[in-house]
Amino acid sequence: MHINFLDYMRGIAFILMLIFHIFIFLKLFSNLDINLNNNLLVLIGFIARYLFVILFGLSLYLSYKYKNDYQEYKKKYMKKIILLFISSIYITIFTYFILPEQFVYFGILHFMCLSMILLFSFINNYNILLVLFTILILLAMYNNNYNIYNRTDNIFEGILGLGFYKRSVDHFKLLKWLPIVIAGILLGHLSDKYNLLQNINTNTNTNTSKNQILSILKYIGSNTLILYNIHFPI
């Protein structure tokens with residue numbers, strides 16, 4: 001089942017991310033005095049990141065829930081992992097050549113790829129996901145946000161979020177963001193239980209073809225991976 005509402009929301013998330021990245025790259029490659037700590041800009045980045053990751057988790061659940069054949073589902077899941085892996089390597093190489101001091105060594109695509117591998121066996125197990133979510137949240141509280149200000153020379157600690165490895169224009173610490181993906185999957189379970197997804201899909205299908213804004217958002221939301229890959233060089 002394809003839900004247009006999710007494409008609209010992904011489209012909004014991508015536009016917000018693009019706005020945020022424009023200011024980052026203007027700061028890096030121009031003489032403009034841009035304050036990246038501006039409250040509005042910080043809010044835009046915050047909404048974009050959390051919306052992307054939650055929708056990612058929700059989409060993982062929907063892909064499993066509405067599969068027609070389990071073997072075909074596994075093939076598509078694996079194909080998605082490979083596509084994300086190739087895209088993440090491309091982003092790493094590209095940013096290394098243009099921003100060697102701040103290249104992307106574990107960004108959103110790397111994070112999504114690894115999350116899919118780690119969560120494959122648990123997507124349909126609500127109880128295990130709830131336990132994992134609780135453990136990760138408690139760990140975050142106990143470990144002071146995973147010691148992000150403690151310097152580390154170990155890249156794997158940087159990927160996990162157990163220390164600050166290096167500055168990067170796009171960094172998604174695994175232990176910080178994995179519970180957000182799980183929250184998206186849990187949201188999918190709850191939404192499906194109360195038929196919220198079907199209701200939203202029914203409501204958003206009405207006359208959407210005549211709405212140009214929704215059509216643009218749908219296009220962007222359906223092609224976020226391609227658009228993400230090309231927006232860096234642009």
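A: Happy to! Let's begin with a pair of residues: both Phe-103 and Tyr-105 are buried, where buried means under 20% relative accessible area, exposed over 50% and partly exposed in between, with a 1.4 Å probe and protein chains only.

Q: Before we go on, what kind of model is this?
A: This is a predicted model, in which local features need pLDDT of at least 70 and side-chain atom pairs count only at pLDDT 80 or more, while totals for chains, interfaces and linings use all residues. Residues are numbered from 1 along each chain as its sequence is written, and side-chain values use heavy atoms, with hydrogens and water left out.

Q: Thanks! How many helices and strands are there?
A: The protein has ten helices and zero strands. Helices (H or I, at least four residues) and strands (E, at least two) are DSSP runs, numbered from the N terminus.

Q: And how much of the protein is buried?
A: Buried residues are 44% of the 234 residues. The protein exposes about 13,400 Å², with carbon and sulfur atoms supplying 63% of that; the areas come from the Shrake-Rupley method with a 1.4 Å probe, and for residues only the protein chains shown count as cover.

Q: Back to the rings. How many aromatic pairs are there?
A: Rings of Phe, Tyr and Trp (its six-membered ring) pair if their centres lie within 6.5 Å; planes under 30 degrees apart count as stacked, over 60 as edge-to-face and the rest as tilted. By this rule there are 17 aromatic pairs. One of them joins Tyr-64 and Tyr-73, edge-to-face, at 5.4 Å centre to centre and with 80° between the planes. Both Tyr-64 and Tyr-73 are buried.

Q: Why is the pair of Phe-103 and Tyr-105 edge-to-face?
A: Their ring centres are 6.4 Å apart and their planes stand at 65°, so the pair counts as edge-to-face.

Q: Which residues form an aromatic cluster?
A: Phe-46, Tyr-50, Phe-111, Phe-172 and Trp-177 form one.

Q: Which charged residues sit over rings?
A: Lys-67 lies over the face of Tyr-64, at 3.8 Å from the ring centre. The charged end of Arg-49 sits over the ring of Phe-20, 5.7 Å from its centre. A charge sits over a ring if NZ of Lys or CZ of Arg is within 6 Å of the ring centre and within 35 degrees of the ring normal.

Q: New topic: which residues touch the most others in the largest nonpolar core?
A: That core has 59 residues, and Val-53, Leu-60, Ile-108, Phe-111, Val-181, Ile-185 and Tyr-228 touch the most other members. A nonpolar core is a set of buried Ala, Val, Leu, Ile, Met, Phe, Trp, Tyr and Cys residues joined through side-chain atoms within 4.5 Å.

Q: Which helix gives the most to it?
A: Helix 2 does, with 13 residues. Other elements that give two or more residues include helix 1 (4-29), helix 3 (70-98) and helix 7 (174-193).

Q: Where does Val-53 lie, and what is it in contact with?
A: Val-53 lies in helix 2 and is buried, with a relative accessible area of 0%. Leaving aside neighbours within four places in sequence, Val-53 is in contact with Ile-108, Phe-111, Phe-172, Trp-177, Ile-180 and Val-181, where contact means heavy atoms within 4.5 Å.

Q: How far apart are Val-53 and Ile-108?
A: They are 55 residues apart in sequence and 8.6 Å apart in space, C-alpha to C-alpha.

Q: What about Gly-184, is it buried or exposed?
A: Gly-184 is buried, with a relative accessible area of 0%, and its place is in helix 7. Beyond its neighbours within four places in sequence, Gly-184 is in contact with Ile-54, Gly-57 and Leu-58.

Q: And where does Gly-107 lie?
A: Gly-107 lies in the loop between helix 3 and helix 4. At 1% relative accessibility, Gly-107 counts as buried. Not counting residues up to four places away in sequence, Gly-107 touches Asp-170, His-171 and Phe-172.

Q: Last one: which residues of helix 9 are buried?
A: In helix 9 (residues 212-222) they are Leu-217, Ile-220 and Gly-221. Seen down the axis of helix 9, its buried residues fall within an arc of 95°, so they line one face of the helix; the arc is that of the directions from the helix axis to the C-beta atoms. On the other side of helix 9, Gln-212 and Tyr-219 are exposed. The cover over the buried residues of helix 9 includes helix 1 and helix 10.
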